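Here is a short briefing to read alongside the sequence and the model. Please keep both in view as you go through the points.

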Amino acid sequence: MGIPVSPRVSPITRWGSPFKSPQGRGRGDQSLPQTRPVAIPRWRARRGPREGQETTRNDQESADVSVPRVVDLGSDTINGKFESAEHRAVTNSKEPRYTIASFINPRNDAIIEPAKEVLEKDNCRPIFRAFSYNDFHHAFEQHRGEGEATLETRDQTVPILTNCPIIDMEKAASGYRNDIIRQVLQASKDLGFFQVINHGVSKDLIDETMGIVEEFFGIPNEDKASLYSFDPQKSCRLYTSSFKYAREPIHLWRDVLIHFCHPLDQFIDTWPKNPSNYRDVMGKFSIEVRNLSLRILEMISEGLELKPGYFGDELAGEQMITLNHYPPCPDPSLALGITKHSDRNIMTILYQEKTCGFEVLKDGQWFGVEPYANAFVVNIGQQLKVISNGKLESVEHRVVTNSKDPRYTIASFTNPRSDTVIGPEKALVEKDNCHPLYRAFRYKDYLQAFEEHEGESDPTLEVPGDATVPICSTLPVIDLEKTLSLGRQNAVEQILEAFQDFGFFQVINHGIDDDLVSDTMRVVKEFFDMPNEDKASVYSEDPSKKCRLYTSTYDYENEEIHLWRDNLRHHCHPIDDFIHLWPEKPARYRDVVEKYSLEMDKFSSRILEIICDGLGLGPGYFGDGLTGTQLFSANHYPPCPNPNLALGLPKHCDANLITFLLQDEIYGLQVYRNGEWFGVEPIPNAFVVILGHQAQVISNGKLTSPEHRAITNSTDHRTSIVYSINPMPDSIIEPAKVLVNDANRPLYRAFQFKEFLKAYEVKKDYNEGALGEFKLKA
C-alpha cells in the first residue's frame with residue numbers, strides 16, 4: 001500500500017508559504033473562526049433530522065459560520081453612489097430550499113470604470129480605477145469575494161507609524177553594543193525593518209549623492225537613451241515602472257536606474273558618465289553603504305549567536321543600487337510607485353529624502369514611515385528570514401505617489417551569490433530544538449520562483465517533499481503477455497503511444513518470474529539492513545569505482561543539497577567482468593542478482609526491439625554500442641523526520657537510453673506532467689519503464705524523456721531497484737537517419753555519449769535543459 005495522499009493543494013498561495021511547514025496563517029485583517037463546523041453528510045442534509053431528534057439553536061448557529069459572505073460584482077461604474085449589498089445563504093435542518101438566479105455580466109474584456117458623466121456632474125474624483133472585468137474577476141476569486149471590489153484605488157488615509165524603531169548606531173561603539181544588538185534583533189523580529197541614525201555615512205556624502213540622483217533624472221531623455229533597456233540581464237540599465245514592463249498588468253509611476261556595485265572595479269565602467277562626477281560620488285556612497293550593511297549583518301549574526309563573519313562573500317557577495325524617481329502623479333489614488341512586496345534579498349538599505357512615500361503593512365493595516373533626517377531604512381530580506389528559521393520577519397511594503405512633489409530615493413541591496421545555497425542555519429535549529437521551517441535551495445532557483453509568482457509575500461519555492469500530490473489513474477499500465485497475445489503490432493502501438501504521451505509506462509506480466517523479482521527485492525533489503533561494518537568494504541566516495549555504496553549522490557562532497565537516500569550501484573554487463581566486485585554479503589547476493597540481471601538484459605532487449613518496430617528502425621538497431629553499459633542500482637530511502645524538507649531524488653530526466661524501475665510496496669515515485677506532479681502507485685512485481693534522454697534524441701523528439709523524482713516519508717523504509725541501459729562512452733548518439741528527411745529536419749546534432757555525460761554533470765541541469773547544447777537551431 002502507498003502513502004495515502006489527498007488531492008493536490010497548490011504550493012503557491014497568496015497568503016501562505018510553500019517553503020514553510022504546514023501551519024495556519026491568517027489573512028491580513030480578515031478574522032477567521034477558531035473552529036470549523038463539521039461537514040454534514042449529504043444524505044442527512046437532504047433527509048433532515050431523524051425521528052425524535054429536535055432541532056436546536058446550535059443548528060442555526062452552525063449555519064451562521066458555514067457559508068462565507070459574498071458580494072455581487074457591480075458597484076463601480078457609478079463611482080460608489082449605489083451600494084452592492086453583502087449577502088449570504090444559510091441552511092436549515094428541516095426543509096430543502098431551491099432558488100434560481102440570473103446574472104448580468106460584462107464581457108471579459110470590457111473596461112469598467114466610474115462613468116465620466118457622473119464624475120463631471122458631481123465634480124468629484126473617481127473612487128475606483130479603470131480595470132478590465134476579467135482582471136476584477138481574477139482578483140475577486142483570489143480574495144474569495146470578500147468585501148468590496150478588490151481593485152479599489154489606494155486608500156490615501158494611511159496613518160504614520162508612530163512607534164517605528166530608530167536605532168542610534170553610534171552607541172554601539174561607546175559601550176552599548178549589546179543594547180544596540182538587542183534593539184536591532186527585536187525590531188527585525190517584530191517588524192522586519194527599522195531606521196538607523198548616526199550610522200557613519202557622512203551627511204555631506206548623502207547630500208551629494210542625492211543631488212547626483214536628482215541631477216541624473218533631470219538630464220534630457222536623449223542623453224540617457226544609451227542606458228535605457230528592456231533586458232533585465234544588463235548590469236546597468238534605466239527603465240520605467242518595473243523590469244518586466246512589457247508583461248506587467250499595471251504600470252507603476254516611477255523611473256529606475258539600477259546597477260551592480262560590488263566588486264566596484266568590476267562594474268563601475270558600466271555606470272552613467274553623465275553627470276560627470278556620477279561614478280566618483282556613487283562609488284564612494286556604495287562603499288560606505290555596503291560597509292553599513294555588513295556592520296548591521298554582523299550585529300544580527302552576533303545576536304543570533306552565529307559565528308563571526310557568517311555573512312561573508314557567499315551570503316553577501318553581491319550588491320545592487322537602485323535610484324528611484326517618482327514624478328508628481330496627477331491622481332495618486334490611481335497609481336502606486338511600487339506595489340506590495342517583500343524584498344527577496346538578504347538586506348536592503350534605503351535612503352528616502354523628506355517627501356513621505358514609503359509604507360509598511362503591519363497587522364493587516366498600512367502605515368506610512370515618515371522620513372527621519374539623515375536616517376537609513378533597513379529592510380530585512382526574505383533570505384535572512386529563511387536563514388533565521390523564521391525568527392526574523394521580512395516586512396511587506398509599498399511606495400505611494402503624490403500629486404505635488406517629485407520624490408527621489410536610493411536603495412542598496414545586499415544579495416547572496418546566485419549559486420549560494422540558502423537554508424535555515426543548522427546551529428539555530430539545533431539550539432531551539434525545532435524543525436527547520438524552510439528547505440535548502442539555491443538563491444537563483446528562489447529568484448526564478450519569485451519572478452514567476454510576482455514576488456508575493458513569503459518565499460515562493462515549492463516544498464520538495466510535498467505529499468499532497470494526486471495518484472494519477474490514467475498513467476499507462478501495459479499487460480505485456482495479454483497485449484502480445486493480441487498481436488505484436490498491438491504491443492508496438494501501446495508502448496509507442498505511452499512513450500509519446502508520458503515518456504514511461506508500467507508493465508505487468510512481463511515474463512520475468514515473480515519469485516525471482518521478489519527474491520531480488522528481498523536480498524537488496526537484506527543488504528541495507530546489515531550492520532555498517534558489514535557494508536564498509538563497498539563504501540566509497542570514488543565515482544569511478546565499478547561497485548560502490550554511497551549516501552545521497554555519487555558526488556556527495558560537491559553537491560549543493562544532500563538527498564535522503566543510500567545507494568548501491570554496480571556494473572552488471574558483461575556479468576563475468578564485474579561479478580567479482582559485487583558485495584560478498586549477504587551470501588546469496590551475487591547468485592540472486594546475477595539471475596535477475598540476465599533476465600533484465602533479455603527483457604530490455606525485447607522492449608527495445610518493440611521500440612525499433614514502432615519507429616521503423618531496423619532489427620538490432622539498439623545493439624552493443626547503444627546498450628553496452630548496464631547498471632544495477634539499489635536505492636534505500638530511510639524514514640525522514642520531516643519529508644517536507646528532503647527529497648530522495650530531485651526532479652530529473654534519466655541521462656541513459658532506458659530505465660527499468662522496480663518499486664517495493666511503499667509509494668514514492670512522482671512524475672511531472674503538464675506542469676503538475678502525479679504519484680505513481682506501486683504495482684506488485686511491475687516494472688516502471690522510463691525513457692532516457694538518448695532515446696529521445698535517437699527518436700528525433702518523437703518520444704519523450706519524463707521528469708520525475710522520489711519523495712520521502714516519515715514512517716516507512718522504501719526500497720527500489722533500477723536497471724539502467726546506457727550506451728558505451730564512445731557511442732555516437734544522433735537522430736536515426738530513417739526518421740530524418742526534408743520534412744523532418746534533425747532536432748539534435750550528433751555527439752558521443754561521454755560528451756553528453758560531461759555536459760550533464762558540469763551544468764548540473766538534469767532536466768530537459770540537459771539537451772540544450774545538443775539541439776540544432778531551427
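This is a predicted model: local features need pLDDT of at least 70, side-chain atom pairs count only at pLDDT 80 or more; totals for chains, interfaces and linings use all residues.

Residues are numbered from 1 along each chain as its sequence is written, and side-chain values use heavy atoms, with hydrogens and water left out.

**Confidence**

- For the chain, the mean pLDDT is 82, and 81% of its residues reach 70 or more.

**Aromatic rings and charges**

- Searching the whole structure turns up 23 aromatic pairs. Rings of Phe, Tyr and Trp (its six-membered ring) pair if their centres lie within 6.5 Å, with planes under 30 degrees apart counted as stacked, over 60 as edge-to-face and the rest as tilted.
- W271 and Y278 form an edge-to-face pair, because their ring centres are 6.3 Å apart and their planes lie at 85 degrees.
- W271 is buried at 2% relative accessibility, and Y278 is buried at 0%. Buried means under 20% relative accessible area, exposed over 50%, and partly exposed in between (1.4 Å probe, protein chains only).
- A cluster linked by ring pairs takes in F216, F217, W271, Y278 and Y408.
- Two arginines sit over ring faces: R398 over W366, at 4.1 Å from the ring centre, and R673 over F502, at 3.9 Å. The criterion is NZ of Lys or CZ of Arg within 6 Å of the ring centre and within 35 degrees of the ring normal.

**Helices**

- Helices (H or I, at least four residues) and strands (E, at least two) are DSSP runs, numbered from the N terminus.
- Helix α6 covers residues 203-218, and its 16 residues should span 22 Å at 1.5 Å a residue, which agrees with the 22 Å between its end C-alpha atoms. The expected span is 1.5 Å times one less than the number of residues.
- Which residues of α6 are buried? They are L205, I206, T209, M210, I212, V213, F216 and F217.
- Those buried residues line one face of α6, because they fall within an arc of 150 degrees seen down its axis; the arc is that of the directions from the helix axis to the C-beta atoms.
- D204 and G218 are exposed on the other side of α6.
- Helix α9 (residues 278-303) has 26 residues that should span 38 Å at 1.5 Å a residue, and the 37 Å between its end C-alpha atoms agrees.
- After α9 comes E305, with a positive phi near 65 degrees.

- Q195 lies in strand β6 (residues 193-197) and is buried, with a relative accessible area of 2%.
- Beyond four places in sequence, Q195 touches residues including C164, P165, V369, E370 and Y372.
- Q195 and M169 are 26 residues apart along the chain, with 9.9 Å between their C-alpha atoms.
- T409 lies in strand β16 (residues 407-415) and counts as buried at 2% relative accessibility.
- Among the contacts of T409 beyond four places in sequence are M210, T322, L323 and Y351.
- T409 and V256 are 153 residues apart in sequence, yet 9.9 Å apart in space, C-alpha to C-alpha.

Terms used. Contact means heavy atoms within 4.5 Å. pLDDT is the predictor's confidence in each residue, from 0 to 100.
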